[in-house]
Amino acid sequence: MTFSLRGVRRRFHGRAGPVAALDRVSLEVAPGERLVVLGPSGAGKTTLFGVLNTTLRPSEGTVRFEGQEVMGLSRRSLRAVRRRIGTVFQQPRLVPSLTVRQNALLGRVGHWSLADALRSWVRPSGEDLARVDAALAAVGLQRRATARADELSGGEQQRVAIARVLVQEPAAVLADEPFSSLDPALRESMGELLLGVAARGRTLVAVMHDVDFALRHFPRVVGLGAGRVLFDLPTAQVTPSLLEQLYPRQVAERPVAPTPELGDAIACVR
Amino acid sequence: MPSLASAEVSPPLASRRVQLLLVAAFLVWSVVEAQVSPRALASASALEGLGRLLRGLFPPDTSPGFLGVVAAAVARTLAIGIAGTVLAIVLAVPLGILATPTLFRPGALATPDGPWSGVLLALHLAARATLRVFRAVPELLWALLFVVAVGLGPRAGALALGVSYAGVLGRVYADLLEDVDPGPGEVLAASGGRRASLVLFALVPQALPGLVSYSLYSLECAIRSASVLGFVGAGGIGQELQLSMRLFEYRQVSTLLVALLALMLAGEAASRVLRRSIRSAPVEGGSPLTGRRRAMLWLGTLAAVGLSFRGAELLGGADEGMFLRLGRFAARLFPPEISLGFLSSLRVPLLQTLAVAGAGTLLGGVVAAVLTPLASTGLMLRAQGAPGRPGPGGLFAPAVHVLARLLLAVLRGIPELLWVLICIVAVGFGPFAGVLALGLHTGGVLAKLWAEALDEVAHGPLEVLEAAGAGAAVRTLWGAWPQARPLMASYGLLRWEFNLRASALVGFLGGGGLGLKLYNAIQLGFHEQVSTMVLLIFGLVLVSDALSDKLRRNWLPPATLRRETGPALDAGLAVRAGGLPA
């Protein structure tokens, strides 16, 4: 199993005592599998994402990556795990004053020793540069390679973030709402890019708002509500009533492809 | 191989290389000219002197009599700081309004109105020039001049701070008033509003939070300055320190040092709390204070100001002759002596002053470069509950971090003039003592500022690097440093400007440069020579500020700097207080 979560709980301390963002979540993801996590805002999607990319420690339960129990590891071994997990965040989160090429190069940080990191500041290794050039070509940004990251448009920045993951050459890719900062016209092409990253046998776990896109492109869907797994099914078995459980009310109006933003708005009002 | 250099547009790389080379050449010249010799520092006699000093510091003098002296000195320092700030605000309000370009330069707000507009424009330019003089003459020099004019004691200190901080605050006020949204003012101007109503109803209400916040911020800076002015005889804890040091009463020195550090840290904490409470006060729905509490606040403030003026000997003890004496002293400064013999005798001290400032800033940068990583929270400390067992390095990192923070608090807490006296013990009189003094103090200030700059960058990129498997060192190098670099460079340049002002005075205590000559001229009553040297220092500061401003503009994106840091950086407040207003 690439990821294996058993009885994972994560509590935060809210104003009215502890709040469980994740409640006894168990999840198995096989190598090469493509899986999407759906759920309204506040369902614990981002917390789950943090647990999966090993930056967040669960309050209870075990987290395994490729069979290895993660949370007991030393920092050094944890870094070795993290370099095998590529991450596309909600926001591109580039280093604004570095160039596009330098930002893509940062996919290698997990592979670098401190000496490598210093050397790359002056002159990156030829192999790293070759990876960077290939990745920038794959996302169509070769021509912007020497531009500063903060000169790019939002869509271009998110493409750099995807190039960074390509350069990392991870075994698994996690994506947290990767398109929510983009306008709808860009989402489809960006989705193709993301699915392209996950080709070549890589595992892909995406946390997503866009139900429509998710149902069309992912063979397996996990529904997350109030920190619990409500369902975990092949896409073919996901029924409108299950979606209604996830995003109450608005599914009745648009049974097949609910607009998630609207669903969230309703969820927030409640 | 394709270049990875970041693509900044202007100015061309070649001219920036030349500038960098010139700066490097100047620094090398400084080190040579200031007679920097590490061997002198490591010599047997230096170590013995320092050892004697260190041993002498223990145990601190805690006799009740002396503690009383310390408490009185702390109270007087606070009084000088508060009274000086109030004076500065009183001076800065009219000057700052007069210096606001949007009000007096032809434009949407200032339509030419009759015969007076020419006069007003002249007043505006005069106000800007006055503020510049107030700012460019070092505060220590102001203190020295006021000591000569009104005598030793806190009164000279308060007056010096008043003038010097009026220059800083006036500039900040003018910047804030200039930066407000011009819309409301234009509406008032279009409907025939007078200039006074523009200021009162359009500009001040918009700029008010900034005006209040920066005034408080300068109070913090002024209290710190007040503890230094005593070294030239302007009262407060500095005067006691200088006295004990000269009498070799090292046990008293250590008690005073503890008080000084406590005063600095308490001042920083109080100012932080005060500014946070002002910032978090609800803007809408009126003031959060009810009538009674507001009255108490005003009464308390008034009482504090009154007590401070008394403590600074500006009230009650002030004799009517003070203004007469000030006038008489000012008259004696004219005309400045410009005989060729005297001018040529200034050449060597002048160059030495430049060299001490340059080498001192360089040394400070080196010290800070070593301490900054250790003082950076992001690099040394892990977030609570972050996954991963720490390795052997991670276990003692927090202890190293605390020690580094403590060390730099001591470095920056001891004023540069006290460092001069300490360094003289080690390496004797001369410019090298000045370099060491400026370098150690600057190292402490810069390390704090640089570490904060590194820790306060946007966290998104750092989280990305962490998720990709980067350790703390790589995160700092590739995530934080590129973001913090402009601010760090700016701090370095500002510290150079600050050090040039200080290096003109370190000679006063034996640290080389113009200070010694100034001291002699004052002691012997050669006031014409004093005024020549004051003019010279003023000119030197003006030129250096202009050059460093040019460097800043060429190297750093000015728009981003101004937006992120506000006028504090422009006026150099940040390097005085040891941080930007939070």
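Predicted model: local features only at pLDDT ≥ 70, side-chain atom pairs only at ≥ 80, totals over all residues.

User: Which β-α-β unit does strand 7 of chain A make with helix 7 of chain A and strand 8 of chain A, right-handed or left-handed?

Analyst: Strand 7 of chain A and strand 8 (residues 203-208) of chain A run parallel and are joined by 5 bridges, and A:Leu174 stands opposite A:Val205 of strand 8 of chain A. Together with helix 7 (residues 184-197) of chain A, these two strands make a β-α-β unit that is right-handed.

User: Which residue of strand 7 of chain A is the bridge partner of A:Gly86?

Analyst: Strand 6 (residues 85-88) of chain A pairs with strand 7 of chain A in the parallel sense, over 4 bridges. Within strand 7 of chain A, the bridge partner of A:Gly86 is A:Val173.

User: How many of the residues of strand 7 of chain A are buried?

Analyst: In a regular strand, side chains alternate between the two faces of the sheet. In strand 7 of chain A, A:Ala172, A:Leu174 and A:Asp176 point one way while A:Val173 and A:Ala175 point the other way, and all are buried. Strand 7 (residues 172-176) of chain A is therefore largely enclosed by the rest of the structure, the buried count being 5 of the 5 residues.

User: Which element of chain B gives the most residues to the side that touches chain A?

Analyst: The contact takes 31 residues from chain B and 39 residues from chain A. On the chain B side, the elements that give two or more residues are helix 21 (460-467) and helix 22 (472-506) of chain B. By class, that side has 17 nonpolar, 10 polar and 4 charged residues. The element that gives the most, with 8 residues, is helix 22 of chain B.

User: Within chain B, how many nonpolar residues are on the side of domain 1 that touches domain 2?

Analyst: The domain assignment of chain B gives domain 1 (9-42 + 340-383 + 392-456 + 490-577) and domain 2 (69-281), and their C-alpha centres lie 22 Å apart. Their contact takes 27 residues from domain 1 of chain B and 30 residues from domain 2 of chain B, with helix 24 of chain B giving the most to the domain 1 side, 6 residues. By class, the domain 1 side has 4 charged and 1 polar residues, and the nonpolar number is 22.

Notes: Residues numbered from 1 in each chain as written. Chains lettered and ligands numbered in written order. Contact = placed C-beta atoms within 7 Å. Nonpolar A, V, L, I, M, F, W, Y, C, P; charged D, E, K, R; others polar. Domains from an automatic or database assignment. Buried ≥ 20, exposed ≤ 12 C-beta atoms within 10 Å, placed from the backbone. Pairing = 2+ DSSP bridges. Right-handed = clockwise from strand over helix to strand, strands pointing away.
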